[in-house]
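Here is a walk through one protein chain. Keep the sequence and the 3D view side by side.

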Amino acid sequence: MGCRVGAVPAIKSRRAPTKGDQREQALVDAARAVFRDKPISQVTIDELAGAAGITRSGFYFYFESKQALFAAVVDQGIAEADLEVAEWLDSDGLDRAGLRRGLAAGLARWKVDGRWLREAFLAPDPGDDVLQIRDRLVRRGCTLFSKRIERDARAGLTVGGPPDLLAKMAVHLRGAMFAEVYADPGAFDEDELLDTLTDAILRLIYGRVPAALEEGDEGGQDQGENR
């Protein structure tokens, strides 16, 4: 899965939300809860409409199919994924603590929404609408990571290698591990997993972790060790 441009716009507007917007959002929220419990193939339009408190005909006023609604649910996950790592993406150097906080937030989201996240991002054919959004999410994640890596590369902090390739590796490593935790929740100690994933991404990009951490001093997680 490459860093390609998707074509489906996010459900956002600069104007104040109308009652119709609110009903549409209520339908998206209801679907998100339903998709947590059942695969999309087992969910009916009537079930989705009922969860949102609207009629079947009301459903079709907002979405042409359950796949289109599923795409809207996935689309809103893009903004959440961006916010999870925003602190680290805006910083410079290793910033192990910031990266770990972002990964912890992402893992928490996967523990709740992992069923539909796996279906959206790991299924070979989740449908054209979702595929376009999936491509956009991967592309955006790669771009944000790449810009940060480029910034640190100019400061001489990163390992050699194309920033976009390093970014793609980091983004895929994060997603693969979150999916693994959802699939087998008891397989890993959560703190150990977050520490290991954080350090794996830092070593991939910078070739090291904070010096004090390598010496066994947890104080190396502070950003003061990042330079």
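Does Asp95 count as buried or exposed? Asp95 counts as buried, because its relative accessibility is 3%. Buried means under 20% relative accessible area, exposed over 50%, and partly exposed in between, with a 1.4 Å probe and protein chains only. Asp95 sits in the loop between helix H5 (86-90) and H6. Its phi is near 40°, a positive value in a residue other than glycine.

A word on the source. This is a predicted model: local features need pLDDT of at least 70, side-chain atom pairs count only at pLDDT 80 or more, and totals for chains, interfaces and linings use all residues. Residues are numbered from 1 along each chain as its sequence is written, and side-chain values use heavy atoms, with hydrogens and water left out.

Now the whole chain. Its secondary structure comes to 10 helices and 0 strands. Helices (H or I, at least four residues) and strands (E, at least two) are DSSP runs, numbered from the N terminus. Of the 227 residues, 44% count as buried. The chain exposes about 11,400 Å², and carbon and sulfur atoms supply 51% of that area. Accessible areas come from the Shrake-Rupley method with a 1.4 Å probe; for residues, only the protein chains shown count as cover. Take the contacts between residues at least 6 apart in sequence: 69% of them join residues at least 24 apart. Contact means heavy atoms within 4.5 Å.

Turn to helix H4 (residues 66-84). H4 is mostly covered, with 15 of its 19 residues buried. From first C-alpha to last, H4 reaches 27 Å, close to the 27 Å expected at 1.5 Å a residue. The expected span is 1.5 Å times one less than the number of residues.

Two partners of H4 follow. The axes of H4 and H6 come within 11 Å and cross at roughly 165°. That makes H4 roughly antiparallel to H6. Among the residues making the contact are Phe70, Val73 and Gly77 of H4, and Gly102, Ala105 and Trp116 of H6. Axes are lines fitted to C-alpha atoms, for helices over the stretch in contact, and angles run from 0 to 180 degrees between N-to-C directions. Angles under 35 degrees count as roughly parallel, over 145 as roughly antiparallel, 65 to 115 as roughly perpendicular and the rest as oblique.

With H7, the axes of H4 come within 9 Å and cross at roughly 10°. H4 and H7 are therefore roughly parallel to each other. The contact includes Ala71, Asp75 and Ile78 of H4, together with Ile133, Arg136 and Leu137 of H7.

H6 and H7 also meet helix H8. The buried residues of H8 pack against helix H6 (96-121), helix H7 (128-154) and helix H9 (190-206). Those buried residues include Leu166, Ala170, Arg174 and Phe178. How far apart are the end C-alpha atoms of H8? They are 30 Å apart, which agrees with the 30 Å that the 21 residues of H8 (residues 163-183) should span at 1.5 Å a residue.

Finish at Leu48, in helix H2 (residues 45-52). Leu48 counts as buried because its relative accessibility is 0%. Leaving aside neighbours within four places in sequence, its contacts include Leu27, Ala31, Val34, Phe59 and Leu69. Leu48 and Val34 are 14 residues apart in sequence and 7.3 Å apart in space, C-alpha to C-alpha.
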